[in-house]
Amino acid sequence: MRYCLALDLKDDPVLIAQYEAHHRSIWPEVRTHLHAHGVTGMEIYRLGTRMVMLMETDDVSYDAEAMELAARSNPKIREWEELMWKFQAPTPWTPAGQKWVGMDRIFEL
């Protein structure tokens, strides 16, 4: 399945550059965590401070709630998420307590 999610970055060119540098070489533990929970592909795009993530998952093994629970119990994933939050900001439409928010599909060809 494909998911399309949005998140903002803080409007600071230095922080944006640092965020992108971190994503040029994500931590091996993050990559392992994603693959272990059924994420088969991921791309993040940026326009200004708005980011869009396309995430491909294995329908058999992907479970968003299970992945979130595992992330909370993994110190290295928590450390990555805390570091990333230094750069990130919720969109105006993101529910309280969430980071990424799902986007609605309005067209498909």
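Q: Which residues of α3 meet Pro75, Ile77 and Arg78 in α4?
A: Ala71, Arg72 and Ser73 are the ones on the α3 side. Keep in mind that this is a predicted model.

Q: At what angle do α3 and α4 pack?
A: Helix α3, residues 64–73, packs against α4 at an angle of about 95°, and their axes are 5 Å apart. That makes α3 roughly perpendicular to α4.

Q: Why do you give me an angle and a distance?
A: Because two packed helices are described by the angle between their axes and the distance between the axes.

Q: Lys76, okay. Which side chain does Lys76 meet in a salt bridge?
A: That would be Glu79, with an N to O distance of 3.6 Å. Lys76 and Glu79 both sit in helix α4, three residues apart, which means that about one helical turn separates them.

Q: How accessible is Lys76, and what about Glu79?
A: Lys76 counts as partly exposed at 29% relative accessibility. Glu79 is partly exposed too, with a relative accessible area of 40%.

Q: How many salt bridges does the count come to?
A: The count comes to seven salt bridges. Among them is one between Glu56 and Arg2, at 2.8 Å from N to O. Glu56 is in strand β3 (residues 50–57) and Arg2 is in strand β1 (residues 2–9), so this pair ties together parts that are 54 residues apart in sequence.

Q: Are Glu56 and Arg2 buried or exposed?
A: Arg2 counts as exposed, at 54% relative accessibility. Glu56 counts as partly exposed, at 31%.

Q: What does Arg50 form a salt bridge with?
A: Arg50 pairs with Asp8, and the closest N and O atoms are 2.3 Å apart. This pair also links distant parts of the chain, with Arg50 in strand β3 and Asp8 in strand β1, 42 residues apart.

Q: Is Asp8 buried or exposed?
A: Buried: the cut-off is under 20% relative accessible area, and Asp8 has 9% relative accessibility.

Q: Let's switch to Glu68. Where is Glu68 placed?
A: Glu68 is in helix α3. At 40% relative accessibility, Glu68 counts as partly exposed.

Q: How far apart are Glu68 and His37 in space?
A: They are 9.6 Å apart, C-alpha to C-alpha. Along the sequence, Glu68 and His37 are 31 residues apart.

Q: Last topic, the surface. Which residues make the nonpolar surface patch?
A: Ile106, Phe107 and Leu109 make that patch, which covers about 510 Å².

Q: Where is Ile106 found, and is Ile106 buried or exposed?
A: Ile106 is in the segment after β5, the strand at 101–102. Ile106 is exposed, with a relative accessible area of 84%.

Notes:
Residues numbered from 1 in each chain as written. Predicted model: local features only at pLDDT ≥ 70, side-chain atom pairs only at ≥ 80, totals over all residues. Heavy atoms only, no water. Patch = residues over 30% accessible without salt bridge, like charges linked within 9 Å, V, L, I, M, F, W, Y side chains within 5 Å. Areas by Shrake-Rupley, 256 points an atom, 1.4 Å probe, with all protein chains shown as cover. Salt bridge = Lys/Arg side-chain N within 4 Å of Asp/Glu carboxyl O. Helix = DSSP H or I, 4+ residues; strand = E, 2+ residues; numbered from the N terminus. Buried < 20%, exposed > 50% of the residue type's maximum accessible area, 1.4 Å probe, protein only. Axes fitted to C-alpha atoms, helices over the stretch in contact; angles between N-to-C directions. Parallel < 35°, antiparallel > 145°, perpendicular 65-115°, else oblique. Contact = heavy atoms within 4.5 Å.
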